[in-house]
Amino acid sequence: MSEPFHRTPDSVVVDLPTEVRTWLVGLATDAGAEVVEVGGPTNRRLLGPIDLTADHDDPLLELQRQMAVEGPLNVLVATAMATEISEDEAEQWIRALQMVLAAAAARFGLRTEDDVDGLSREDHGAITTIQAIMSLLMDALDS
Amino acid sequence: MAEQDTDVFGSTSTTQALDVPWDVILWNDPVTLISLVVRVIRKVFGYSKEKAEMLTMTVHHEGKAVVWSGDKETAAAYCVALHGYALGATIQPGT
């Protein structure tokens, strides 16, 4: 099996099966929906207060953070079927995949590695697959 | 030694209080790749690979690490940058 990501001088060639791309779109879409669910675990994990000594964060900071979370997820959804993505889009993929992982950790209440090991085979497999894709993409991008 | 001022309402403040550094705390997460944390720390703070790896292992083994200290505004900006990679980070006055 060939490497799923191949670096060119100014882009990254993506050679992922269509079903994997479709799966990633679904994960990013679900994570995006969970992020805006105020009070939900993913919302608290990704957009919870950064200053624990204050009653609430600066509204401008909150807006910046919301954009910082939603932007990469939107880029992944928009470019998931592309055969070649720019370096910046590849970086957004890494951010988005990490947000998908963080959303899963929040959804399942994962706090320790034992918690991860206690997941169902399917959920554990999903997390390790996302980690593997991220790792391969980082290797390609940083090569 | 801090200078002490009293405002018109009689409350006391010190220049030292204003100068207290704020820490950026990076928290451990069981699903985050160590390689990603090293990469993000290097990218956000411009640290060497060795320093980024040391901080990452502190987070991994101790649950958290102070990854930067300084003025509050910059600390908040760094925290937002870390959140851009979905890393758990908060700011708090340094000790």
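**Figure 1. The largest nonpolar core and its most connected members.** Within the largest nonpolar core, which has 67 residues, A:F5, B:L26, B:I41 and B:L82 touch the most other members. Helix α4 of chain A (residues 87-108) supplies the largest share of this core, 12 residues. A nonpolar core is a set of buried Ala, Val, Leu, Ile, Met, Phe, Trp, Tyr and Cys residues joined through side-chain atoms within 4.5 Å. Buried means under 20% relative accessible area, exposed means over 50%, and partly exposed lies in between (1.4 Å probe, protein chains only). In soluble globular proteins, nonpolar side chains tend to be buried together.

The model is predicted: local features need pLDDT of at least 70, side-chain atom pairs count only at pLDDT 80 or more, and totals for chains, interfaces and linings use all residues. Residues are numbered from 1 along each chain as its sequence is written, chains are lettered from A and ligands numbered from 1 in the order in which they are written, and side-chain values use heavy atoms, with hydrogens and water left out.

**Figure 2. Surroundings of B:L82.** Leaving aside residues up to four places away in sequence, B:L82 touches B:V24, B:L26, B:V40, B:V44, B:F45, B:V67, B:L87 and B:A89. Contact means heavy atoms within 4.5 Å. B:L82 and B:L26 are both among the core residues that touch the most other members.

**Figure 3. The loop residue B:A86.** B:A86 sits in the loop of chain B between α4 (72-83) and β5 (89-93). Helices (H or I, at least four residues) and strands (E, at least two) are DSSP runs, numbered from the N terminus. The phi angle of B:A86 is near 60 degrees, a positive value in a residue other than glycine. B:A86 counts as buried because its relative accessibility is 1%.

**Figure 4. B:E50 in helix α3 of chain B.** B:E50 belongs to helix α3 (residues 49-62) of chain B. Its relative accessible area is 56%, so B:E50 is exposed. Between B:E50 and B:A86 there are 22 Å in space, C-alpha to C-alpha, and the two are 36 residues apart in sequence.

**Figure 5. A:E70 in helix α3 of chain A.** Helix α3 of chain A (residues 59-79) holds A:E70. With a relative accessible area of 27%, A:E70 is partly exposed. A:E70 and A:A33 are 37 residues apart in sequence, and their C-alpha atoms are 9.7 Å apart in space.

**Figure 6. Chain A as the setting for these views.** Chain A contains 6 helices and 3 strands, in the order β-β-α-α-α-β-α-α-α along the sequence. Its C-alpha trace spans about 50 × 35 × 25 Å along the principal axes. Of the 143 residues in chain A, 43% are buried. Among contacts in chain A with a separation of 6 or more, 61% are between residues 24 or more positions apart.

**Figure 7. Chain B as the setting for these views.** Chain B contains 4 helices and 5 strands, and from the N terminus on its elements run β-β-α-β-α-α-β-α-β. Of its 95 residues, 44% are buried. Residues 24 or more positions apart make up 59% of the contacts in chain B with a separation of 6 or more.
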